[in-house]
Amino acid sequence: MNRFSFAALVLLGFPVLASAVDQRPNIIFLLTDDQTVGAAGCYGNQDVITPHLDELAREGMRFRNFYHTTAICMASRASVMTGMYEYRHGCNFGRGSLKRELFAQSYPLKLRNAGYLTGFAGKIGFAIESEPFDRFENDFDFWAGGPDQTFYETAKNKGIAQYAEKYPHCSRAYGAWAQDFIKSAKQQGKSFCMSISFKAPHLPFEPDPIDLALYPVEKTFPRPANYGKDHAGHLSEQSKTSRAAIAYREWIKEYDQTLRKYYALITGVDAALGMIREELQKQGLANNTFIIFTSDNGYNCGAHGFGDKVLPYEEASKSPLIVFDPRAAQQHRGKETDAITANIDMFSTICELGGVSVEGDVDGKSLLPLLANPNGKIRDWLPLFNFWGEHSAQSMAVVSPEWKYIHWFYGGQHMKPAEELFQVNRDRMEMINLATQAPQALASARDAYDREMARMRTSVIRGYGYEPYPILFDRTTPWKSKQSMLPQTKPSKSKKFTR
């Protein structure tokens, strides 16, 4: 089916299964790239233009504490697909590609096996071990995915090049691809699961001129309270060895123009969301189509002097999450929840929506119970990991609705292992480290951290370089016992992925 264009399928009059129309819910999963939690109007941002996202939030549910268990694209995307922590699936830069047997249990393949029409467009962000990239085409009914980071110029992306004349920038082109996919699904009378992974707002910041024109060149954006290096004195020395602290200086030197382009890219994605919802209405499918909108990780837009992602602080580890349930009663619409949720939960949520079982020991949980009970919870604490980059900048953390505890294990280069404790429900900007001032909260957070460490010891994947981490991240093992265990990681085969 992939060798035919959508337009050809429609013109050929693809048969409609009118006598047995699939009544299961349709599922649309939209993923941006590097969108931090505050970069949407519905999250209180008055500077970014996101009318369609804001409408989706008014009609659905907004999640205020949605975290990425690994805040870097390759590992996070593998976690979205599989519902597993990075140290269990082993897919990240310098580690390895995703095993075929794990991808075979991913949400798109499980739903396709259950009879769903599946489609994927955009940056998938990882490879399958020992397989050429083009092999992905066989895993979906409709495939418009691209390798590496893909391109903002529509014509350079094979899967959506046919839309280049009308939509030269890829964000609206993905919206057009989605419209044609929806038409084809309606023609076939099948329930569908459509995933679009936008390039925006990832670097290089090259927005559609249509969207950039909405943000005046002379506009000065307000700086958040934790903006700049002057607000990093209380943070660990380890965090300042990350590439987030060393590179991406445009967020410090050219903040207004950088943020202008970043926001314009998000506005382009918002326009694509509007195109998708319009087509659902035209095809009469809006009342049976769930929409999930989020990102692969957050982003440090100058907070504490950082750019990039990776770090366990709020801006890098959190993104927007909006879930629209078309069948929800009116009293459940426009709600918010403070429950701790994560990228690993996308797998179980989508599987439950599609009525397919979740076999095996996955780490994520379905978020559907929260749609009916925003005050509920699905976990007490969530672990956050960084196994990538400089050893000194690697860390493990745990977060609850009230507290975040970070353990920096590295003790070389005149540094000492460090602890940070932030009361995130009162100190969202993470301006006060309470590790020496709140002993009861510290003890509780350490207990949660130790429980996650115990899980890691029994389930870490073998052969990908994660074996030392149950000791490296153990907060009770002295640094002198860890130095010889620092793992040797392989350089990424593609620098395009990380930048």
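Leucine 117 has a relative accessibility of 1% and therefore counts as buried, a term that stands for under 20% relative accessible area, with exposed meaning over 50% and partly exposed in between (1.4 Å probe, protein chains only). The model is a predicted one, in which local features need pLDDT of at least 70 and side-chain atom pairs count only at pLDDT 80 or more, while totals for chains, interfaces and linings use all residues. Residues are numbered from 1 along each chain as its sequence is written, and side-chain values use heavy atoms, with hydrogens and water left out.

Leucine 117 belongs to strand β4; helices (H or I, at least four residues) and strands (E, at least two) are DSSP runs, numbered from the N terminus. Leaving aside residues up to four places away in sequence, leucine 117 touches Asp141, Phe142, Phe181, Ala185, Gln188, Lys190, Ser191, Phe192 and Cys193, where contact means heavy atoms within 4.5 Å. Threonine 241 lies 124 residues from leucine 117 along the chain, and the C-alpha atoms of the two are separated by 46 Å.

On a 1 Å grid over the protein atoms alone, a cavity is a set of points where a 1.4 Å probe fits but cannot get out, and a pocket is an open set with protein on both sides within 12 Å along at least five of seven lines; lining residues have an atom within 4 Å of a point. Grid points are joined across faces, edges and corners, and a volume is the space filled by probe spheres set on the points. Four cavities of 30 Å³ or more are present. The largest cavity holds about 90 Å³ of space. Its lining is made up of 13 residues, with Phe29, Leu31, Met81, Phe120 and Ser197 the closest to its centre. Two or more lining residues come from each of β1 (26–32), α3 (73–82), β4 (117–123) and β6. The lining of the largest cavity has nine nonpolar, two polar and two charged residues, with Ala, Val, Leu, Ile, Met, Phe, Trp, Tyr, Cys and Pro counted as nonpolar, Asp, Glu, Lys and Arg as charged, and the others, Gly among them, as polar.

Helix α3 is itself mostly covered, as 10 of its 10 residues are buried. Met81 is one of these buried residues, as are Cys73 and Arg77. Just after α3, glycine 83 takes a positive phi of about 75 degrees.

The second largest cavity contains about 60 Å³ of space. Glu59, Gly60, Met61, Val323, Asp325, Ala328, His332, Arg333 and Leu371 line this second cavity, and by class they give four nonpolar, two polar and three charged residues.

Turning to open spaces, the largest pocket has a volume of about 720 Å³. It is lined by 29 residues, and Val37, Gly38, Ala39, Pro224 and Met429 lie nearest its centre. The lining of the largest pocket divides into 13 nonpolar, eight polar and eight charged residues.

Aromatic side chains form a further theme. The structure holds 41 aromatic pairs; rings of Phe, Tyr and Trp (its six-membered ring) pair if their centres lie within 6.5 Å, and planes under 30 degrees apart count as stacked, over 60 as edge-to-face and the rest as tilted. Phenylalanine 136 and tryptophan 143 are stacked, at 5.4 Å centre to centre and 20 degrees between the planes. Phenylalanine 136 is buried at 3% relative accessibility, and tryptophan 143 is buried with a relative accessible area of 15%. The ring centres of phenylalanine 205 and tryptophan 251 are 5.9 Å apart and the planes stand at 75 degrees, so this pair is edge-to-face. It links distant parts of the chain, 46 residues apart: phenylalanine 205 is in the loop between β6 (192–197) and α8 (209–212), and tryptophan 251 is in helix α10 (residues 250–253). Both phenylalanine 205 and tryptophan 251 are buried. One aromatic cluster includes Tyr85, Tyr87, Phe385 and Trp479.

Charges also sit over rings, which requires NZ of Lys or CZ of Arg within 6 Å of the ring centre and within 35 degrees of the ring normal. Arginine 62 lies over the face of tyrosine 43, 4.6 Å from the ring centre, and the charged end of arginine 223 sits over the ring of tyrosine 227, 5.8 Å from its centre.
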